[in-house]
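Please open the model in your viewer and keep the selection tool at hand. The tour below goes from one selection to the next.

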Amino acid sequence: MELVKKYIYAVTNKLPEQQRADIEKELHGLIEDMLEERTQGGIPTASDVEAVLLELGNPSELADKYRGSKRYLISPELFPTYIFVLKIAIAAICIATTVAFVVETVLEPAQIQGQLTSYISSIMSGIFQGFAWVTIIFFLVDYKGLNKQKLNKNSWKPSDLPPLPDHRVKIKMADPIVSISFTIILLVLLTFSINLFGVWFSPDASIRTVIPIFDEEVFRGFLPFIWVVFALNILSDIMKIILGRWTIKLIAFDIVVILLHFVLAVFMFSDSSIWNPHFLQQIAQPDLIQHESDGLQFIQTVWPNATQGVLAILGIILGIQLITTVVKYFKIKDLT
């Protein structure tokens with residue numbers, strides 16, 4: 001029965017993944033028993049099904065009972081997803097910070113004591129910021145999106161149940177997880193290790209050098225804008241995990257985030273001072289690269305056009321994302 005399936009989905013969708021199969025089976029059995037008792041072995045009607053579901057109560061409250069506890073800053077409906085995303089965020093922060101520490105230690109092994117202190121400080125600061133940002137995002141999503149449902153708990157009825165998601169509009173869980181992980185790793189590297197973005201040299205086995213492509217001081221001036229756009233990107237991915245399916249509003253938000261990425265790129269790279277002003281002189285050092293070599297000539301040719309090159313590459317990547325998202329809109333607009 002469609003209404004029973006919708007009810008069971010509404011309950012189990014609010015529970016941790018590992019509990020869903022068992023509780024789905026239990027609920028099926030419970031509803032069948034209640035219907036049999038109500039109809040005395042007869043064929044249940046739609047009104048019988050509705051009466052049984054009303055007796056079971058609001059799916060959110062039933063999910064609360066299955067969880068066995070209540071939490072308040074983040075609602076019970078979102079808490080399992082909140083913990084799930086928090087684990088992803090902290091893992092990504094630890095990976096990015098550790099990779100940066102290992103690379104900096106390889107580049108300058110004599111400075112390992114200072115780098116270790118910086119590593120511990122960065123990882124603690126990153127975890128704290130990750131915890132704060134994920135908690136704030138979930139609090140806002142909860143406050144803005146679920147309060148109406150909470151207010152309507154007492155007047156809940158089976159006809160309020162949302163439709164079961166069509167498989168064509170379902171979002172693969174791996175997609176937002178990979179996106180969140182990549183976004184956080186890139187954000188950590190841009191925030192704490194911007195000096196690692198450059199041209200790498202290894203004149204011999206014991207010496208490794210990086211010529212940074214960015215002016216660190218100028219780049220840091222853009223960090224607040226980067227944090228905001230990346231936070232919106234993470235918010236979009238969190239909404240995909242929570243909803244589990246594409247909606248018109250979610251696609252529209254995705255399009256806005258893609259456009260903001262491009263606007264941010266144009267804003268940053270239209271400022272020529274973002275590039276390392278001494279890059280060509282530093283890279284032309286005789287102990288790094290041979291004068292008049294093909295490699296040096298290539299870099300000297302490409303460097304003056306770095307802004308146009310970066311914007312072209314980002315434009316192509318973001319353009320493909322935008323087209324893919326718009327195509328998705330036309331595919332699902334009649335299914336949502």
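Begin by selecting Phe182, His261, Leu314, Ile317 and Leu318, which lie nearest the centre of the second largest pocket, among the 49 residues that line it. A pocket here is, on a 1 Å grid over the protein atoms alone, an open set of points with protein on both sides within 12 Å along at least five of seven lines, and lining residues have an atom within 4 Å of a point. This is a predicted model, in which local features need pLDDT of at least 70 and side-chain atom pairs count only at pLDDT 80 or more, while totals for chains, interfaces and linings use all residues. Residues are numbered from 1 along each chain as its sequence is written, and side-chain values use heavy atoms, with hydrogens and water left out.

Next, colour α14 (306–332), which gives the largest share of this lining, twelve residues.

Now move to Lys240, whose side chain meets that of Asp237 in a salt bridge (3.6 Å, N to O); the term stands for a side-chain nitrogen of Lys or Arg within 4 Å of a carboxyl oxygen of Asp or Glu. Lys240 also forms a salt bridge with Asp254, the closest N and O atoms being 3.2 Å apart, and this pair links helix α10 with helix α11, 14 residues apart.

Finally, select Asp48 and Arg38, whose side chains meet in another salt bridge (3.2 Å, N to O). Asp48 lies in helix α3 and Arg38 in helix α2, so the pair ties together parts that are ten residues apart in sequence.

Notes. 1 Å grid on protein atoms, 1.4 Å probe; cavity = no way out; pocket = protein on both sides within 12 Å on 5 of 7 lines; lining within 4 Å. Helix = DSSP H or I, 4+ residues; strand = E, 2+ residues; numbered from the N terminus.
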